[in-house]
Amino acid sequence: MSVIYLLISISIIVAVAFLYAFIRAVRSGQYDDDYTPSVRMLFDDELLKETNKNQINITEEKQL
């Protein structure tokens with residue numbers, strides 16, 4: 001019977017440790033956004049082209 005008490009206490013300690021690790025990971029921002037970084041590399045070239053076009057348009061407006 002004492003083995004059951006030992007196993008229950010150990011399992012509660014392990015569960016509290018996992019809960020602490022999960023809360024720490026959430027607070028550090030590991031679960032903020034897991035989709036955008038994986039597809040960002042696919043659209044980087046398009047974003048750079050749009051940025052360059054906007055910079056060219058701004059430069060042309062300043063010259064006029």
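A patch here is made of residues with over 30% relative accessible area and no salt bridge, where like charges are joined within 9 Å and nonpolar side chains (Val, Leu, Ile, Met, Phe, Trp, Tyr) within 5 Å. The model is predicted, so local features need pLDDT of at least 70 and side-chain atom pairs count only at pLDDT 80 or more, while totals for chains, interfaces and linings use all residues. Residues are numbered from 1 along each chain as its sequence is written, and side-chain values use heavy atoms, with hydrogens and water left out.

**Helices**
- The protein chain has 2 helices and 0 strands, which are DSSP runs (H or I, at least four residues, for helices; E, at least two, for strands) numbered from the N terminus.
- Helix α1 (residues 2-28) has 27 residues and should span 39 Å at 1.5 Å a residue, which agrees with its end C-alpha atoms being 39 Å apart.
- Just after α1, Gly29 takes a positive phi of about 95 degrees.

**Surface**
- Met1, Ile4, Tyr5, Ile8, Ile12 and Val16 make a nonpolar surface patch of about 660 Å².
- Ile4, which is found in helix α1, counts as partly exposed because its relative accessibility is 46%, between the cut-offs for buried (under 20%) and exposed (over 50%), with a 1.4 Å probe and protein chains only.

**The loop**
- Tyr31 lies in the loop between α1 and α2 (36-63) and counts as exposed, at 55% relative accessibility.
- Leaving aside neighbours within four places in sequence, Tyr31 is in contact (heavy atoms within 4.5 Å) with Phe22, Ala25 and Val26.

Notes: Expected span 1.5 Å × (residues − 1). Areas by Shrake-Rupley, 256 points an atom, 1.4 Å probe, with all protein chains shown as cover. Salt bridge = Lys/Arg side-chain N within 4 Å of Asp/Glu carboxyl O.
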